[in-house]
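Thanks, everyone. Let me put the model up, and then we'll go through rings, strands and charges.

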Amino acid sequence: MKSSMFAKALPLALVMAAPLAAPSFAQEMAKPTTDMQAVLDKLGALDAKPFSSLSVPEARTQASPADAAKAVQWEKRLSSNPEAQATTKDITIPTAEGGIAARVYMPAGKGPFPVVVYYHGGGWVVADINVYDGAPRALSLGAKAIVVSVEYRHAPEHKFPAAHNDAWTAYKWVVENIHDMNGNSDKIAVAGESAGGNLAANVALMAKEMKAKQPVHQLLVYPVAGNDMETSSYKENANAKPLGKADMEWFVKNTVTSMDETKDPRINLNGRSDLAGVAPATVILAQIDPLRSDGETYASKLKDAGVPVNTKTYNGVTHEFFGMGKVVPEAKQALDLAVADLTAAFDKAK
């Protein structure tokens, strides 16, 4: 108030000559759509708190955005079909550490089917294949593909790079064994959300580096792709729900042994210079998400390296929107884009 009164007391010529402050639109968080807000409101009603305020056990047991979306779906009496009719089978992928749980989603038909190896989100700390059920179920149905949703060891009990090692082990096993489940490993893709998007990207890079069976496509949904938490989207969405800057700091703190590890090229994908020749990618991003700039930069770097990339940012939605196709229209649009790109990649691999 004092500054505005002082401005009024200045001579008119000085006021007119004074430079206008640039509007700070870049720092303002966008408003969620009505449907997205309904999910966020339900998440609040389920008493979900910011991850940064919780212990790891508390964070793992509180309601998830997926729970909120399902509650909204139930309240609106929306059918869970046809996705609910997908056939699933829980398996264990053998490892030197004792085994990785996975859920196999099977499409209807004769096969052999194309395959998607899917990695769930949760900052490498929380969530599991039960929480992240919506996306792999819908991808299997839409792409008429076997989707293997992979569990992996979580931090802080198993620090970086345990999850990355498990992701690669699971991929190799699927390549070598999916024929026993009527899958075709010549038509294999990787997919993941958030921390799982980072894992999927790393598997694609590892396959190229190791000269192993390369995926025909990679679906990266708001992936963790850098270690810079001062990007424009981090600043703009610092207080966003369900994921804000402090929450990402909490995840990273629990995942790495020291912050120097965030410079590792498996975490800081945007610092890499070896992207040429990696699998074509679909990069799906949310406007109201600290990780948006990560994904934008990675998509740009892939393109600069000559990798075909289809990237789209969905406005008015937040981190975790992708599996909410029943209640958030933008999630259905994003899923349709993912299915179309995966199907095209599988067809091209004939």
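Six aromatic pairs are present in this predicted structure. A pair here means rings of Phe, Tyr or Trp (its six-membered ring) with centres within 6.5 Å; planes under 30 degrees apart are stacked, over 60 edge-to-face, the rest tilted. One of the pairs is Phe 51 with Phe 251, a tilted one, at 4.9 Å centre to centre and 50° between the planes. Phe 51 sits in the loop between α3 (34-45) and α4 (56-61), Phe 251 in helix α10 (residues 245-255), so this pair ties together parts 200 residues apart in sequence. Helices are DSSP runs of H or I, at least four residues; strands are runs of E, at least two; both are numbered from the N terminus.

Next pair. Trp 250 and Phe 251 have ring centres 5.1 Å apart and planes at 75°, so they count as edge-to-face. Ring pairs join Phe 51, Trp 250 and Phe 251 into a cluster. Buried or exposed? Phe 51 and Phe 251 are both buried, and Trp 250 is buried too. Buried is under 20% relative accessible area, exposed over 50%, partly exposed in between, with a 1.4 Å probe and protein chains only.

A word on the ground rules. Residues count from 1 along each chain as its sequence is written. The model is predicted, so local features need pLDDT of at least 70 and side-chain atom pairs pLDDT 80 or more, while totals for chains, interfaces and linings use all residues, and side-chain values use heavy atoms, with hydrogens and water left out.

Now the strands. Strand β6 (residues 217-221) has five of its five residues buried, so the rest of the structure largely encloses it. Both faces are covered: His 217, Leu 219 and Val 221 on one side, Gln 218 and Leu 220 on the other. Which strands pair with β6? Strand β5 (residues 183-193) runs parallel to β6, with five bridges. Strand β7 (residues 281-288) is also parallel to β6, with four bridges. Pairing takes at least two DSSP bridges. Val 221 is the bridge partner of Glu 193, and Val 221 also stands opposite Ile 284 in β7.

On to Ser 149, in strand β4 (residues 146-150). Ser 149 counts as buried because its relative accessibility is 0%.

Last, charges over rings. The cut-off is NZ of Lys or CZ of Arg within 6 Å of the ring centre and within 35 degrees of the ring normal. Arg 77 lies over the face of Trp 74, 4.3 Å from the ring centre. Lys 312 has its charged end over the ring of Tyr 314, at 5.2 Å from the centre.
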